[in-house]
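Subject: Structure for your review

Dear colleague,

My findings follow it, and I would be grateful if you read them with the structure open.

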Amino acid sequence: MRIQRNPQLNSNGELIHLLSTEGLSKNMLTHMLDTAANFVSVSSRDVKKVPLLRGKSVFNLFFENSTRTRTTFDIAATRLSADVINLDIAKSSASKGESLLDTIDNLAAMAADIFVVRHGDSGAPYLIAQHVAPHVHVVNAGDGRHAHPTQALLDMYTIRHFKGDFTNLSVAIVGDVLHSRVARSNIHALTTLGCPDVRVVGPKTLVPQDFSHLGVRVCHDMAEGLRDVDVVITLRLQNERMSGALLPSAQEFFKSYGLTTQRMQLAKPDAIVMHPGPINRGVEISSEVVDGPQAVILSQVTFGIAVRMAVMSIVASHEA
Amino acid sequence: MRIQRNPQLNSNGELIHLLSTEGLSKNMLTHMLDTAANFVSVSSRDVKKVPLLRGKSVFNLFFENSTRTRTTFDIAATRLSADVINLDIAKSSASKGESLLDTIDNLAAMAADIFVVRHGDSGAPYLIAQHVAPHVHVVNAGDGRHAHPTQALLDMYTIRHFKGDFTNLSVAIVGDVLHSRVARSNIHALTTLGCPDVRVVGPKTLVPQDFSHLGVRVCHDMAEGLRDVDVVITLRLQNERMSGALLPSAQEFFKSYGLTTQRMQLAKPDAIVMHPGPINRGVEISSEVVDGPQAVILSQVTFGIAVRMAVMSIVASHEA
Amino acid sequence: MRIQRNPQLNSNGELIHLLSTEGLSKNMLTHMLDTAANFVSVSSRDVKKVPLLRGKSVFNLFFENSTRTRTTFDIAATRLSADVINLDIAKSSASKGESLLDTIDNLAAMAADIFVVRHGDSGAPYLIAQHVAPHVHVVNAGDGRHAHPTQALLDMYTIRHFKGDFTNLSVAIVGDVLHSRVARSNIHALTTLGCPDVRVVGPKTLVPQDFSHLGVRVCHDMAEGLRDVDVVITLRLQNERMSGALLPSAQEFFKSYGLTTQRMQLAKPDAIVMHPGPINRGVEISSEVVDGPQAVILSQVTFGIAVRMAVMSIVASHEA
């Protein structure tokens, strides 16, 4: 009888699915970043392709729309020479009232190798991973408020690229932490990789005190949150929340928590500014900062392709 | 002057289009199943590709939405190394009031090799096949209530795979036979392949008596329909019909004609259960049967890829 | 300091973007037509592919829907062996309120090589071309009422194919010239290529007198417009204009300006009839003319693939 705590690993401790950064070891995260480093150069070559997943079928299953994230996985899989099937299930009548697992069984029967899954419900990719055959792999492309592990890995890659090491860093995650799967996945990755000072910064409605259980410092004041940090990760303020009860208005938010050039002077002089995109200029971040020398937002996008190539090539090389 | 009765065949009797199982010989159907057998292994290989249609352009023309069926053709063509263009014309403004044949002429002028056509109107793929140039091929992916020949072929493949031969079989097709192109195509294929006992089973509103003209037995009682059969093909009950005048309700239908474990005891002990998908659990079939040992529904899906690869490679190898 | 008048050319005078036929030299236009001639044969080969853009990423950015035009670029790029990402931004929530240039920066960071851009605003492709890095190329697939250069080039290719030379030709462009980017791009191309007699023909509301500044003759009478011409380019009458103030009705338009067999007798006996598609039969052109021997409308489509292959391969071979 095989006991397996972490559904992301096989009995040899190898990664077979990427569902969350939570529960992955420092070695495993580092292995993914190291593998991604090899793929960064592929996208700058004249012929941007390697034959690693040739003849494999990658299904992009987006139960929640995200053209941008889907595109990054499409490109990553294509540069690995895989065949990609894009299914925007949110828009299509693909499921026709069918259950999630019936849909998965059906697509798996077409000989799928990797399912890239975006779903509005937290945990949906876990359900799928536990259901599929041993040679099929699941990559979580964002589930509910739970996790967005490839975004966290590309953020870690970006931090390591610009800062070299995590063990002396102060990192501030600013904005709507409560509803953010990006924030959760980044917190787990940063603490696992040895970052000693992670701060979550925002109003009490969006950054509740109990986040401190995750080993981070809760700050409701930007001065406290940004002081002497090496890295600022700004979160996107979802449009649908701006008019809700949690926030007075976008203008009001920017006044109190928008990342401006002035506020960036609280951080270390060589601090970098990150954002998962798409950016709301003038809401969570000023245009001056976005276009300024400390922003590494487009590097995140570039590294994101390499990280997704790494993740897919790693999981595809193991069996459950 | 060339006289050509069957628009699916050229003057040498070779298949140039697949429009219907009706009018194809037993030899032709068997040839397609034999060819598919060669392709089943391709999808279980490490590199799931063969170069048979490399550099060919396959256009998936879906005038009626069906993400699932389109996906199976997309995968089949991609595994044959073809270039695939997916056109969901139902959703797009592609036609802009243009006539069907003007749209076809236009796409053909882009050097199309195969048109895979799903259309709400019975006969549309025939119209297209009669219109295109000799080197262009049409595969019917479902037209109105008329025909769905690749579904019928994958059903035949599945039956032959599990039962070996057609000449001693009893097959029941259960449900909304009246509106089902799957039922029509299966009836033609089964009778041509020598199946001596084909029964169509359902309420009088959905299984009219005149189906007996097709050489099948009409049964309005499940006990009579299922008794000692080797194969049960359950049809999907279209949602839009459930609240119509033809049926009291989904619950009512299930009570009278739903395929349950209990009813399956009327069939032979080794009978198989098939369904074209997507399944309405608890409407035309119980979850227990779907997930039980007699269901071969996912095998149908797997064989469906191989059958579509076979059909496309066969038609592409002949000229009109 | 580099002074560069034409944003389509680098300092060596080589084409790096295709934004408009305006401002390109006769030599440059001829070079594109000559290159396209090499690609016409590719689409008639058994394997319709050349490896010129293998491993390159082509992004089809359609801010305005056009399944048909997008398909032609998709096919052209695929036959050059490029990887194609189709983004129908009009339909998707891809931009999520993001600015145009933030969207472009983001996609460019994924290592795009060519952006094919269709946009409702005149000038949008220029904005993008001025913004992207030196190794990234922009091809205008239609911007507002401004330009549609690949359509003009395929029209020029078609004319040259059937008429050999431009220097003795009379060409009539008939219909809604005012709102037509096709007309504008064709006028620039024809005059640059030495066509001595270009006429724009239609009612005063759709063909204002000031078009004469472009070096063409304005005709409000079909007899005058068509007399002894070698080429008739019929424009599509946009459905949304037919019920507007500019026109009484589609029937009324056809009566005065519809291209009929009878009116074609005014042209030279060997005159050809062109149309950018999709055709409104019975509005701007009669079915008899569309299906008649003088129409070369489907040849335009075929040449359009070759012209787009030529344009992409040319721009991709130069750096800014």
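How many bridges join strand S5 (residues 170-174) of chain A to strand S6 (residues 197-201) of chain A? There are five, and the two strands run parallel. Please bear in mind throughout that this is a predicted model.

The sheet of chain A

A loop residue in chain A

Gly123(A) lies in the loop between strand S3 (114-119) and helix H4 (124-131) of chain A. Is Gly123(A) buried, exposed or partly exposed? Gly123(A) is partly exposed, because 15 other C-beta atoms lie within 10 Å, a count between the 12 or fewer of an exposed residue and the 20 or more of a buried one. Apart from neighbours within four places in sequence, Gly123(A) is in contact with Asp143(A) and His146(A). Between Gly123(A) and Val139(A) there are 12 Å in space, C-alpha to C-alpha, and the two are 16 residues apart in sequence.

The sheet of chain C

In chain C, five strands likewise form an open sheet with parallel pairing, in the order S7-S6-S5-S8-S9. At its edges stand strand S7 (217-219) and strand S9 (272-274) of chain C; each has a single partner strand, so one side of each is left without a neighbour in the sheet. Direction ignored, neighbouring strands here are turned by 20 degrees against each other on average. Strand S5 (residues 170-174) and strand S8 (residues 231-234) of chain C pair in the parallel sense over four bridges, and Val231(C) in S8(C) is the bridge partner of Val171(C).

Two packed helices in chain C

Helix H1 (residues 26-40) and helix H12 (residues 297-316) of chain C have axes that come within 8 Å and cross at roughly 120 degrees. H1(C) is therefore oblique to H12(C), and the crossing is right-handed. From H1(C), the residues in contact are Met32(C), Thr35(C), Ala36(C), Phe39(C) and Val40(C); their counterparts in H12(C) include Phe303(C), Ala306(C), Met309(C) and Ile314(C). By class, this contact has 11 nonpolar, two polar and no charged residues.

Contacts between chains

Where chain A meets chain C, 23 residues of chain A are in contact with 18 residues of chain C. Helix H2 (67-79) and helix H12 (297-316) of chain A each supply at least two residues of that side of chain A, and the largest share, seven residues, comes from H2(A). This side of chain A divides into seven nonpolar, 11 polar and five charged residues.

Chain C also touches chain B: 23 residues of chain C are in contact with 18 residues of chain B. With seven residues, H2(C) gives the most to this side of chain C, which has seven nonpolar, 11 polar and five charged residues.

With kind regards

How values were computed. Residues are numbered from 1 along each chain as its sequence is written. Chains are lettered from A and ligands numbered from 1 in the order in which they are written. This is a predicted model: local features need pLDDT of at least 70, side-chain atom pairs count only at pLDDT 80 or more; totals for chains, interfaces and linings use all residues. Axes are lines fitted to C-alpha atoms, for helices over the stretch in contact, and angles run from 0 to 180 degrees between N-to-C directions. Angles under 35 degrees count as roughly parallel, over 145 as roughly antiparallel, 65 to 115 as roughly perpendicular and the rest as oblique. A crossing is left-handed if the near helix is turned anticlockwise from the far one by less than a right angle, and right-handed if clockwise. Two residues are in contact if their C-beta atoms, placed from the backbone, lie within 7 Å. Ala, Val, Leu, Ile, Met, Phe, Trp, Tyr, Cys and Pro count as nonpolar, Asp, Glu, Lys and Arg as charged, and the others, Gly among them, as polar. Two strands pair if DSSP finds at least two bridges between them.
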